[in-house]
Amino acid sequence: MTPSGQGTVMLNIGDGIGALIINTPGGMHGREIEVSPVEDPARRTHAAVRARYVWGGVCFSVVLDSLPEGRYTVWDDPVTPLGEIDVRSGAVAEFTWPVASLVG
């Protein structure tokens, strides 16, 4: 997967919808990450981890926008929840992938 170029992310956020950025270690580049509303784990959306060039280097992240406001589960794999995060209307939430989950 090619890296995202500078200035290539546009977010659809506003009244009732927000966005979520999931920051990950570089070794996850290309991996699909799923999230779902806490109350409806079967309703998932996903995006791939991409390299994003920023001031001072590169970071690896998933960007999910157009998410209805609410609490979301971030999934480690199809059956293992990793954590939860609140997505607020008109805002961008950030979740950092725990490095400890990669050990094993």
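Mentor: The relative accessible area of aspartate 76 is 18%, and the residue is buried. The model is predicted: local features need pLDDT of at least 70 and side-chain atom pairs count only at pLDDT 80 or more, while totals for chains, interfaces and linings use all residues. Residues are numbered from 1 along each chain as its sequence is written, and side-chain values use heavy atoms, with hydrogens and water left out.

Trainee: Why is aspartate 76 called buried?

Mentor: Buried means under 20% relative accessible area, exposed means over 50%, and partly exposed lies in between (1.4 Å probe, protein chains only). The value for aspartate 76 is 18%, which is under 20% and therefore meets the definition of buried.

Trainee: Where does aspartate 76 lie, and which residues is it in contact with, leaving aside neighbours within four places in sequence?

Mentor: Aspartate 76 is in strand 6; strands are DSSP runs of E with at least two residues and helices are runs of H or I with at least four, numbered from the N terminus. Apart from those neighbours, aspartate 76 is in contact with Arg31, Pro81, Leu82 and Trp97, contact meaning heavy atoms within 4.5 Å.

Trainee: What makes arginine 31 and aspartate 76 a salt bridge?

Mentor: The definition asks for a side-chain nitrogen of Lys or Arg within 4 Å of a carboxyl oxygen of Asp or Glu. For arginine 31 and aspartate 76 the closest N and O atoms are 3.3 Å apart, so the pair qualifies. Arginine 31 is in the loop between strand 1 (17-24) and strand 2 (32-37), whereas aspartate 76 is in strand 6 (residues 70-77), so the bridge ties together parts that are 45 residues apart in sequence.

Trainee: Is arginine 31 buried or partly exposed?

Mentor: Arginine 31 has 28% relative accessibility and therefore counts as partly exposed.

Trainee: What links glutamate 84 and arginine 71?

Mentor: Their side chains meet in a salt bridge at 2.8 Å, N to O. Glutamate 84 is in strand 7 (residues 80-87) and arginine 71 in strand 6, 13 residues apart. Glutamate 84 is partly exposed at 40%, as is arginine 71 at 35%. A network of salt bridges links Arg71, Glu84, Asp86 and Arg88. The search of the whole structure finds five salt bridges.

Trainee: What makes a patch of Val9, Leu11, Ile13 and Val92?

Mentor: Patches are made of residues with over 30% relative accessible area and no salt bridge; nonpolar side chains (Val, Leu, Ile, Met, Phe, Trp, Tyr) are joined within 5 Å, and like charges within 9 Å. Valine 92, in strand 8 (residues 92-96), is partly exposed at 39%, so its area passes the patch limit. Together the four residues have about 270 Å² of accessible area, from the Shrake-Rupley method with a 1.4 Å probe, only the protein chains shown counting as cover for residues.

Trainee: How many helices and strands does the protein have?

Mentor: The protein has zero helices and eight strands. Of its 104 residues, 30% count as buried.
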